[in-house]
Amino acid sequence: MKEIELQSQPDLLHDGEVPSDVRTEELVLNMGPQHPSTHGVLRVILQTDGELVLKATPYIGYLHRSAEKIAEKVTYRQFTPYTDRLDYLAAMNNNLGFALAVEKLGGIEVPPRADYLRVIFAELNRIASHLMATGSYGLDMGAFTPLIYCFREREWIMDLFEAACGARLTYSYITIGGVREDLPEGWIQKCREFLDYFEPKIAEYNNLLSYNHIFINRTGNVGICPAELAVAYGLTGPCLRGSGLAWDLRKATPYCRYNEFEFDISVGRGQNGTLGDCWDRYFVRILEMVQSVRIVRQALDKLTDGPVQAKVPRIVKLPAGEVYYEVENPRGQLGFHLVSDGGTSPYRLKIRGPSFCNLSVLPVLAPNCLLADISALLGSIDIVMGEVDR
Amino acid sequence: MTPSEIIEVLREHDAEAVVSAVADGPYPHVVLKAEEIVTAAGFLKSEPRLRFDLLRCISAIDWPAKNSIELAYDLISTSLAHAFAIKVVLDRANPQVESVGGIWPAAQWHEREAFDLMGVTFLYHPDLRRILMPEDWTGHPLRKDYQDVVEYKGLKFNP
Amino acid sequence: MMYIPQRPPVEYKGLSLKIVRLATRWGPTGISLALRFAWGIFFAAVVALVLFVWLVGRFINPLLPWFIRDFVVVVGLLGFVCIVAIIGIWGERKVSGRIQSRLGPMRTGHWHGWAQSLADGLKFVQKEDLIPRDADQPLFRLAPYVALVPAFCAYLALPFGVGWVFRDADVSLLFVLAMLAIEVLGVIMAGWASNSKWSLYGAMREGCQLVSYEIPMGLSLLAAVVATGSVNLITLGEAQSGGWFAWLIFQNPFLFLAFFTYYVASLASCKRSPFDLPEGESELVAGFHTEYSGFRFVMFFFAEYVAMFAVSALATIIFLGGWHSPIGGPSSPLWFVLKSTFLVWVQMWIRWTLPRIRIDQVMHACVKYLLPFTLLLFLGSSLWQLYDNPAHPAFKGFANLLRGVLGVLGLVLLGLYFFGAGYGYYNRNRLVGQMARRHLPGA
Amino acid sequence: MLETAVFFLFATVAVTAGLAILLSTHIVRMAYWLIAMLISVAGLYFLMGAYFLGVIQVLVYVGGVAVLLVFGVMLTSRQQAPKLRPGPGEALWLTIVAAVLLAGLIPSILRVRPEQSALVAENSVADIGHSLLGEFLGPFELASVLLLVALLGAAYLARPKIPVLGAQQKKGTTAL
């Protein structure tokens with residue numbers, strides 16, 4: 001890659017044109033931990049030459065809450081609320097990942113209704129999370145209005161979640177063995193209303209932001225991440241699919257009866273620049289919202305009657321052993337490496353946050369970007385620091 | 001490929017390196033010799049039947065009872081859609097292993113995390129620093145015998 | 001228990017103790033009283049100002065020595081400028097709210113939160129005046145004034161109508177441009193004196209952006225100057241009496257385009273979106289005013305809105321017929337204010353719609369597109385003047401036809417705007433969606 | 001009376017600012033003193049009725065040249081801001097050059113008779129335009145050629161010094 005070559009040969013950047021008696025200096029810029037476009041408490045040290053970024057080094061850990069250490073001290077059920085706080089914009093998906101990991105190790109069967117409910121809530125949360133990503137990406141680019149539009153729609157999903165589980169951000173709704181409660185009366189009707197309302201709104205975002213000329217010029221051809229690079233750095237989710245690789249765990253290793261649903265893997269096509277640029281990563285999220293709406297519609301149709309909880313004791317005891325389970329989160333693959341010694345709490349729980357791995361590609365993509373491109377890049381990778389630092 | 005087939009391929013490649021193998025259950029994996037990890041990793045990535053190109057996670061597990069630290073590398077192949085895991089067992093007193101960052105660059109941050117929280121040293125790692133904890137932190141918090149810090153730079157914590 | 005380092009308490013003595021006591025005793029009451037009667041106070045002030053200016057202009061004017069007269073008019077202008085900024089800031093918030101299907105400020109002052117910027121001003125005055133320890137103190141203090149005062153000075157030569165001008169200078173157009181150009185210095189000074197890298201970046205961007213865009217801005221205006229042969233704003237305005245089709249923008253195709261190039265360049269010179277790079281809040285935290293707080297920050301804010309109105313007023317005078325009515329009625333400063341306000345509104349509309357351009361694109365847009373284009377416009381306008389005279393009767397007919405076409409085009413554009421706005425207003429339930437509407441606060 | 005007062009105000013500011021440029025060692029401050037001087041000289045022009053000259057002084061020197069000057073100066077390192085102090089040899093040379101310039105200026109100042117200042121015409125902009133494109137067309141064109149040369153030189157100096165920019169950047173910058 002050209003960027004890496006350039007970085008390793010810094011003297012290429014300043015050829016002999018600068019007279020020897022002129023002393024030039026690079027400006028070291030401390031971006032974050034309090035910066036509007038680092039999406040939380042990320043700190044990036046930028047080495048810049050004017051507006052040109054030569055090197056970017058991320059420093060993380062400002063939001064480290066030792067979730068993995070806590071997991072060793074609490075029971076399995078007690079850990080579910082902690083998973084909410086990993087990627088707090090996609091708490092349902094986190095709950096789902098943890099529940100599936102525990103169920104896999106414990107061999108717990110989940111009733112079909114619970115499975116469909118899990119899919120519905122996971123996909124609705126994916127829409128909410130992508131709305132947030134889309135809106136805040138607009139904000140990173142200096143367009144304020146898309147954010148408010150996205151929040152307007154996200155508010156509806158929050159209301160639906162609140163009706164189902166009483167919480168608006170940290171749900172703990174998907175628990176070990178199923179979901180916590182059945183749907184309230186009339187919820188399905190409300191959900192269908194929302195989907196009918198929401199689908200045309202996507203066109204509105206596209207008109208306002210995605211196909212805006214300035215936006216395309218800001219994001220197209222910026223931060224190009226080829227598929228090989230993306231795979232090598234462990235990028236998953238929209239970042240990987242934005243590079244053109246059709247890789248989705250919901251298709252590759254289906255869980256929660258995802259194999260019963262009809263949907264397409266959204267990939268970037270590079271139609272507004274080069275394959276794998278920021279615009280592609282951004283647009284994959286828009287396309288995924290459409291697919292999520294499709295999945296939710298099908299799941300609502302398939303929803304059968306029956307229990308929503310398998311018979312799981314209040315204090316779960318898992319057999320000794322270990323498991324690694326991954327689910328497709330809005331930001332990529334969320335993995336739980338769960339080791340049990342036969343007790344009531346995990347012996348070791350390693351959490352693979354997708355944002356953590358996605359962020360690791362930043363030092364590779366950042367060199368030779370302009371300063372403004374760094375926020376374009378960070379926004380298109382769409383990190384949540386709660387998950388990076390855990 | 002099924003896990004047992006993958007294990008077969010690995011044994012075919014280098015039977016010496018495979019210490020033990022688990023083909024069924026929720027977590028099929030092989031335990032490799034720690035010295036062989038880099039060659040094995042290169043084989044896993046380049047072998048056309050395996051093609052494990054996506055390193056998902058590196059988990060370090062502390063076993064004071066066995067006096068060892070296990071490293072689990074969870075892999076998946078984006079082209080063949082099969083998953084597998086390899087493990088190495090390290091000495092708890094002096095955990096050292098070669099870095100696989102040259103094969104999967106994704107490993108670099110995971111290895112930094114294992115270094116930070118579990119105290120595993122990765123040889124030939126380009127940038128082995130603490131990642132989540134402050135640079136001047138003492139101890140490795142995820143070890144089972146870790147003592148909570150009571151004071152850090154004038155900040156006193158609840159015991 | 002967490003250890004929290006304690007600040008040594010501030011000790012007040014003597015007069016400062018008395019002031020602090022008085023402020024803590026009467027401050028909240030005073031503020032709440034002021035807010036309660038702010039409606040009355042504000043409108044009384046506006047009415048008094050208008051009456052004052054009218055009285056001075058009509059009766060007292062000839063009786064007073066000139067410097068007292070000038071003083072009075074300057075005070076009136078200052079009042080006008082403050083009202084422009086206050087209403088502008090409130091309007092911006094309302095406009096952004098409406099564009100984003102919110103309501104904007106609704107509480108302060110009861111009627112659509114009209115007193116919001118007054119309340120904000122009160123808040124800012126009370127805020128702590130922070131100056132970074134390593135800042136260049138004198139320059140840091142001076143910068144807000146350098147930004148605000150020239151923007152105000154531009155109004156000294158800005159005519160609101162025939163006779164409605166502080167100084168009818170021969171070179172008033174150039175004077176206004178010069179004053180708007182000085183404003184940059186304040187911003188650069190602020191950015192440098194703050195001793196913050198983000199501020200420095202903001203100042204750098206401001207410097208190269210404004211110096212570059214001054215040229216296309218001036219060139220587009222020169223195209224109009226060529227058409228009238230004067231750089232006196234009153235002459236320029238008076239050249240356009242006689243309704244819609246007499247406006248300079250419809251005089252020839254080059255001027256029609258020059259209006260738009262001027263408008264784009266003026267957006268850049270006011271640091272308005274999509275050229276708001278010096279502030280660029282998602283890239284540079286807050287750009288050149290990152291380190292400013294309290295009243296110093298307000299001065300930058302004021303300067304922005306004052307300059308916004310000034311460039312819009314310039315566009316109105318030069319291209320849009322100034323104080324002349326579009327339908328041929330009596331001309332009045334009200335028309336001037338109305339048209340300028342419309343242009344300010346368009347600036348806001350653009351800001352809440354478009355993303356921000358990157359710095360290299362800003363420079364490219366200026367140097368590679370706007371600059372040659374405005375040069376061509378200038379040349380074209382000059383050539384047009386060469387042929388558009390009685391010596392070329394054939395061209396005259398063609399020119400008149402083109403004028404008519406351009407005028408109709410302008411009418412169509414305006415009609416489309418009003419049609420779109422009306423359509424949006426009457427279908428707002430359907431467009432936003434009944435469900436989203438129920439979510440609007442206050443619904 | 002008032003005019004005299006204003007004249008002395010502007011003159012004092014101009015002279016003070018000029019001295020401050022000489023005596024200050026802080027390069028950014030010097031630039032701002034220069035701006036203060038330019039503005040007060042513009043004020044003097046206004047006072048004399050040379051509105052066009054005053055406005056152009058502000059527009060070009062303050063709004064353009066000085067901004068670029070400050071822009072360049074402010075990018076120098078803050079900690080090691082160059083302390084500008086001429087050495088004794090330099091001072092001598094500079095004094096001689098300044099003295100020669102002054103000697104050239106004084107006679108021409110003395111030659112100006114008060115009634116000549118009344119020559120400032122009623123419609124100064126049009127007059128200046130006519131004389132620039134009529135009587136002084138030659139020097140005017142010569143000056144523009146000089147400016148063109150300066151422009152080309154600046155473009156040569158400022159041509160890209162980065163031979164291999166990442167391909168992405170090259171594509172990105174052609175946009176818009």
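**Backbone and chain contact**

Modeller: A:N368 is found in chain A, in the loop between helix 14 (362-365) and helix 15 (371-381); helices (H or I, at least four residues) and strands (E, at least two) are DSSP runs, numbered from the N terminus. This is a predicted model, in which local features need pLDDT of at least 70, side-chain atom pairs count only at pLDDT 80 or more, and totals for chains, interfaces and linings use all residues. Residues are numbered from 1 along each chain as its sequence is written, while chains are lettered from A and ligands numbered from 1 in the order in which they are written.

Colleague: Is A:N368 buried or exposed?

Modeller: A residue is buried if 20 or more other C-beta atoms, placed from the backbone, lie within 10 Å of its own, exposed if 12 or fewer, and partly exposed in between. A:N368 has 24 other C-beta atoms within 10 Å, and is therefore buried.

Colleague: Which strand of chain B gives the most to the side that touches chain A?

Modeller: The contact, counted where C-beta atoms placed from the backbone lie within 7 Å, takes 32 residues from chain A and 26 residues from chain B. On the chain B side, the largest contribution, 6 residues, comes from strand 3.

Key: Contact = placed C-beta atoms within 7 Å.
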